[in-house]
Amino acid sequence: MQLDKDQIATENKKQEDGLRGRFNFLSDQLDHQDKDVNAILRKLAAFQVAIPSWALGAGGTRFGRYSYFGEPASLEQKIEDIGNLHALTKTAGAVSLHIPWDIPQDYNAIKDLAKANGLVFDAVNSNTFQDQKDAKESYRFGSLSNLNAAARNQAIQHNIDVIKIGEKLGSKSLTIWLADGANFAGQRNFQSALTHTENSLKSIYSELPKDWKMFIEYKPYEPNFYSTVIQDWGTSFMLANACGEKAFTLVDLGHHLPNTNIEQIVSTLMLKGKLGGFHFNDSKYGDDDSTVGSVKPYALFLIFNELVYGMENNPQNPDLAWMIDASHNIKDPLEDLLQSLEAIQEAYAKALLVDQVELQAAQSRNDVTLCQEILQNAYRTDVRPLLAQARALNGGAIDPLKTYRNLSVRAGLIKERGMNSVATGL
């Protein structure tokens, strides 16, 4: 079931009068604050977030998985679902594939399908946290850090193979996340595990095309609960530096211990020119992979405040890669992704309203109260009319979630795919 422009335009017609009043009211307010509304709209329209191929089906917990029906049972169907998200939001213009879950059978056909849906291919993601069918070596005791050289070499070769797949699709980056670690004290020698990992990453990096980037992700725990080899941003940063100028740290918002100051991490990495990108989600306790902005929306805004500052003031840092990495256990996955895309754009729009010059002046005077007021005044602004206007100008839906439901997209997918289809890789 593919949405077309006419369907979205018809739904927008019902909502455009309401938007006009809300947008004009907000626009007048921002004009009085000397905000360039048109410039903000252009930035919102240009901001694109990649959708991972594994996010289109119902996720699960360690104890169960509950299908939402009509799931995409092939890569082609996943791309069609992302195409619908992009048609509604005009901000989901990229696909991030997970290998070997989603290896194209016909590369030209997949590229043509993506192009027809207005999509490009973002980072490709390797998988050395699962043993694959017919693999000679096991990752039970690690992949790039494994004591067994044969297992390390197998993991290295897998990442090189993923790069080659990405090249065929036009991707320009590789994301590496390792589950390597230990469950028990004394199980591993920390230094040898880190040394093996660094050497393995360097081997992968040496095969990276000249115009590619390598993103190194980190995570404090899970699936190993005593230690993780790349457990924090500092370790990722150190490994990226060891690999070279094309290697960067990737920040997953869920991959932090409770109350970690993620915005400070972001600021530091951008200052050093080593922030590669983001995996967006939200959490209450740990790596919950909840809908973006559903638990800590103010924290998300503070992160974007640092991102906006860094994008303006840190030319040493490359353009960032943005992706959603969430799990959908009891929600319609497409509705969850629509909510996440809205939350990301909302945080970005609010951060664009922060007067950085005024904030720096208040900081220079140590006016702590005014610093807080500047941030919170931007955060308390209802920017949803800006988001809706940016979408409407791009041909997207004024209200993506409402339009999705009004057009009965999920019912259409169930009718087309059946009740029992299951997304690949889950």
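This is a predicted model: local features need pLDDT of at least 70, side-chain atom pairs count only at pLDDT 80 or more; totals for chains, interfaces and linings use all residues.

**Stop 1: a buried pair**

Select Asp-287 and Lys-219: both are buried (under 20% relative accessible area; exposed is over 50%, partly exposed in between, with a 1.4 Å probe and protein chains only). Their side chains meet in a salt bridge, 2.7 Å from N to O. The term salt bridge stands for a side-chain nitrogen of Lys or Arg within 4 Å of a carboxyl oxygen of Asp or Glu. Asp-287 sits in the loop between S10 and helix H9 (297-313), and Lys-219 in the loop between strand S7 (213-217) and strand S8 (227-228), so the pair ties together parts 68 residues apart in sequence. Helices (H or I, at least four residues) and strands (E, at least two) are DSSP runs, numbered from the N terminus.

Residues are numbered from 1 along each chain as its sequence is written, and side-chain values use heavy atoms, with hydrogens and water left out.

**Stop 2**

Select Arg-391 and Glu-342. They form a salt bridge, with the closest N and O atoms 2.8 Å apart. Arg-391 lies in helix H13 (residues 384-394) and Glu-342 in helix H10 (residues 333-353), so this pair ties together parts 49 residues apart in sequence. Arg-391 is buried, at 8% relative accessible area.

**Stop 3**

Go to helix H1 (residues 5-32), which holds both Asp-17 and Arg-20, three residues apart, about one turn of the helix. Their side chains meet in a salt bridge (2.8 Å, N to O). Asp-17 is exposed at 55%; Arg-20 is partly exposed at 44%.

**Stop 4: a network**

Select Asp-81, Glu-416 and Arg-417, which are linked in a network of salt bridges. The structure holds 17 salt bridges.

**Stop 5: the largest cavity**

How many cavities of 30 Å³ or more does a search of the whole structure find? Three. A cavity is a set of points on a 1 Å grid over the protein atoms alone where a 1.4 Å probe fits but cannot get out; lining residues have an atom within 4 Å of a point. The largest has a volume of about 40 Å³, volume being the space filled by probe spheres set on the points. Its lining includes Asp-122, Phe-215 and His-279. Strands S10 (275-280) and S11 (321-324) are the elements giving two or more residues to that lining. S11 gives the most, with three.

Notes: On a 1 Å grid over the protein atoms alone, a cavity is a set of points where a 1.4 Å probe fits but cannot get out, and a pocket is an open set with protein on both sides within 12 Å along at least five of seven lines; lining residues have an atom within 4 Å of a point.
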